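This report describes how the two ligands sit in the protein. The sequence and structure come first, followed by notes on each site.

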Amino acid sequence: MPFIDWRRFIWRRVFIDPYIDPYFSYIDKAGGTITLAGSHLAVAAMPAHHARQKKKEMPAQTRYTASHWGLYAASADGRTLQPHAGDPYPSLLGQDMLAAYRSPLRIQRPAARAGWLARMRGEGGSAGDDRERRGSEAFVELEWEEALDLAAHELQRVRKHHGNAAIFGGSYGWASAGRFHHAQSQVHRFLNSIGGYVRHVDSYSLGAGRALLPHLVMPMDELMAQHHDWNVLAAHTRLFVAFGGVPAKNAQVGASGAFEHRCRPGLAALAAKGCRFVNFSPVADNLDAPAEAVEWIPIRPNSDTAVMLALAHGLIAAGRHDAAFLASHCVGFERWRDYLFGADDGIVKDADWAADLSGVPAERLRRLAQEMAAQRTLINCAWALQRAEHGEQPFWASIALAAVLGQIGLPGGGFALAYGPLNLMGSPHARVPGPTLAQGRNGVGAYIPVARLTDMLEQPGEAFDYNGQRLVYPDIRLVYWAGGNPFHHHQDLNRLVRAWKRPQTIIVHEQFWNAHARMADLVLPATAALERDDIGFSTRERHVVAMSRLAEPPGEARDDYAIFAALARRLGTDAVFTEGRDAAEWLRHLYTEAAAKAELRGSRWPDYDAFRAAGLLDLAALEPQAPVVMLAAFRADPAAHPLPTPSGRIEIHSATIAGFGYADCPGHPVWREPREWLGAPAAAEFPLHLISDQPVARLHSQLDHGPASQARKLHGREPAHLNPADAAARGIGDGDLLRIHNRRGACLASARLDPAVMPGVLRLSTGAWYDPLRLGEGDAANLEKHGNPNVLTRDIGSSRLGQGCAAHSCLVEVERYLGEAPPLSAHTLPRLIPAAGTG
Ligand SMILES: Nc1nc2c(c(=O)[nH]1)N[C@H]1C(S)=C(S)[C@@H](COP(=O)(O)OP(=O)(O)OC[C@H]3O[C@@H](n4cnc5c(=O)[nH]c(N)nc54)[C@H](O)[C@@H]3O)O[C@H]1N2
Ligand SMILES: Nc1nc2c(c(=O)[nH]1)N[C@H]1C(S)=C(S)[C@@H](COP(=O)(O)OP(=O)(O)OC[C@H]3O[C@@H](n4cnc5c(=O)[nH]c(N)nc54)[C@H](O)[C@@H]3O)O[C@H]1N2
Ligand SMILES: [Mo]
């Protein structure tokens, strides 16, 4: 499907295809009417007078929905969504949601992979191990009752024979906004109610950072919540040194909501006050301040730590370090200084040394060190830098460099981790607890760092290191996933495909027939946020949102909560899981709990009915606001406000980490070469560094089929951006079909010649739905047709400390693809066999 004209497409799918395609129906079985409440299609299908009548019945109250990328009001007729009027810079993703969630790719009813179903029904017969056929078999549609019976039976069997520690329920993923119908909260609460599951810790976003920061300053969540607000930055910061930019396309989103987009206006305000930006980055277009305020310094990917060390060396050598701050607020400065000056390895980490590694002129680094010491300076390090081999180092070096400058705790000074990744950072709003669904207690102790998924499936019983501990991979028989997409998010997908054949059963709740659903054994169709009443809340966002059900679920899709409640009934734990409440009662309960907590701090929230009637609760009017200055109290009095580190101070050298004895993460920030970067021997064969950054027009794999994402593709394939010189050297023209490859895999993409990408770098954003020639086969020759970078990325931990995702350390080569392009199948349905007696 090279290009989708959505309106025509939907029209055809809704009005024509149902008659020729029995597996697709938004046609309500009972009445033969279309069940898209409030949509323009529904109205169009109604006689005119009926439509008018419908309109009159609409409540006058504005109805809202919330998504990770914004807050939207439905028009009175429900046909369209409008960004909330208070949002100064709405995301480009939202308005098309009504169409995107009405897609024919939605899963209509429960379905089971044919071979697994035969095994469950004791029908055997088919040759070989059916697990080998995950991804390649047809799905048999089931009645809900049978699907739930099968899921309950499998959970019960695995618990009985192998114990709850054989169930992996980590279920990582962003799912959808809404505090009750949040798939992760639901799946974890459910699995806890039946005795527990193997969980994950940390995130793909911040694996290295989350493990590291408690040793050095404080846990990431607490640090993020106290980043200087944008007003403080505008008033004070005069030099903004960015490693990896401040991409407003990333700050488009926030976990569970970005209701008031602050990043782009915040950067503009900084520039208007005279702040200058220096951006060390492999791409020029990721710092969204006015161009005249920004200096782009191209840097070899993964070499940022070397530059930070050289800046610190330059400051110390010139005597411009803040000796008093280092003595009163930090520990371990001397040991790091000795390392910078070559005491242990004979290498002086000066500007000339860093220039060789990074490609940044030494002279510029020397001058920059002086500029940083001369004015209020902020050092901003994008999360992408720690999603790399030795990803702990750029975070640690940013903090140590800021400590040397001595501006930590001053308004607008110090370090930031980071402005850009999420809307949250720089929020002026108070941090208050919102409605939260309690998860219960997990009866299983075993866990993995989130990105060690394939290792776990491949190596049950093997020991591994993580953050000072020696852990053992559990033996997983059943995988339960709701609200995430490992065939989007995990590295080295060919390897994951092979490991994915090992569990006996894989159960997935999904909305769409993406690769994740197609790689499962039992697929249970989930509703979308637009189809549920819920409560929207995200930490330090301005509003609490009464989310309204704006559309009917497709087919027989059910809420994750309803699915788990039905399973809990079968397993005898529904009293624990539901506590006797239906979804509406839960919403009232969660809101009322949060309002009671507010009351204790003297903030009076309206009661639940008044909240729902109003649609929005404006916290700015209710909760006190004060300028947010990061680490101000600690700076003012480190004895009275110590940090939660062993020393109570910033740990430039950490005795704890040194004590772990990890060569790949010693006791202070160091330069360590990744195995894949442009300075590595492997670059002779694979001379381009792959940057698989976050996509501008979708959230990960979500909305890849939507209009904004589709409009950016070329020939239906994801655009790969590369420098015109690299393209010319390979005879590649703009728009050409490309094959990007390394030893782990290969994918197709469309060439975009782009001077904003430095030579030696290829940028292919994440999120194109995984679409190999043969789904279910995990060999490197299985060409991915759509442009999913995770067939190329390396699946290793950042280090033994963090074991974080290291996607950004990856070398590739690229060539024009001269063969006939294989047709795309990412956005098509699998083979579906209707249930006996239905369809
Ligand atoms: N190469 C490379 N890979 C990366 C990264 C990178 O920088 N480079 N970044 C990583 C990062 S930071 C992250 S956070 C991950 C993101 O990885 P994920 O969070 O796994 O990605 P999503 O596409 O958001 O997956 C969410 C899935 O949940 C489904 N879903 C949405 N709402 C609901 C719901 O209400 N119920 C149910 N049952 N399902 C729902 C969606 O259809 C979708 O398939 O990717 C990581 N992968
Ligand atoms: N639109 C949109 N926004 C998103 C998301 C999304 O899917 N879509 N995902 C969200 C999520 S889950 C997360 S965790 C955050 C992630 O936020 P980040 O991790 O900060 O985002 P990335 O886009 O991966 O990378 C940011 C920039 O770092 C640069 N970069 C990569 N490697 C290097 C390097 O070695 N050195 C330097 N100097 N720069 C480098 C890239 O060129 C890129 O422009 O984004 C969030 N925002
Ligand atoms: Mo993330």
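## Shell around ligand 1

The model is predicted. The shell holds 35 residues, and those that come nearest are Ser176, His489, Glu510, Ser701 and Asn790.

Domain 2 (94-201 + 448-526 + 557-568) and domain 4 (681-816) each contribute at least three residues to this shell. Among the secondary-structure elements, α21 (486-489) and β18 (505-510) each supply at least two.

## Polar contacts of ligand 1

Asn790 places a polar side-chain atom 2.7 Å from a nitrogen atom of ligand 1. A backbone N or O atom of His509 is 3.1 Å from a nitrogen atom of the ligand. The side chain of Asn514 has an N or O atom 3.1 Å from an oxygen atom of ligand 1. On its own, ligand 1 exposes 920 Å², of which the protein buries 98%.

## Shell around ligand 2

Ligand 2 is surrounded by 32 residues, with Asn250, Asn286, Asn302, Asp304 and His700 the closest. By class, 17 of the shell residues are nonpolar, 10 polar and five charged.

Ligand 2 lies between domain 3 (214-428 + 645-660) and domain 4 (681-816), because both give residues to its shell.

Lys249 has a backbone N or O atom 2.9 Å from a nitrogen atom of ligand 2. For Arg698, a backbone N or O atom lies 2.8 Å from a nitrogen atom of the ligand. Arg387 uses its side chain: an N or O atom there is 2.8 Å from an oxygen atom of ligand 2. Taken alone, ligand 2 exposes 920 Å², and the protein buries 99% of that.

Key. Residues are numbered from 1 along each chain as its sequence is written. Chains are lettered from A and ligands numbered from 1 in the order in which they are written. This is a predicted model: local features need pLDDT of at least 70, side-chain atom pairs count only at pLDDT 80 or more; totals for chains, interfaces and linings use all residues. Side-chain values use heavy atoms; hydrogens and water are left out. A residue is near a molecule or strand if one of its heavy atoms lies within 4 Å of it. A polar contact is a pair of N or O atoms within 3.5 Å; within protein, one must be able to donate a hydrogen and the other to accept it, and residues adjacent in sequence count only if both atoms are side-chain atoms. Accessible areas come from the Shrake-Rupley method with a 1.4 Å probe; for residues, only the protein chains shown count as cover. Ala, Val, Leu, Ile, Met, Phe, Trp, Tyr, Cys and Pro count as nonpolar, Asp, Glu, Lys and Arg as charged, and the others, Gly among them, as polar. Domain bounds come from an automatic or database domain assignment. Helices (H or I, at least four residues) and strands (E, at least two) are DSSP runs, numbered from the N terminus.
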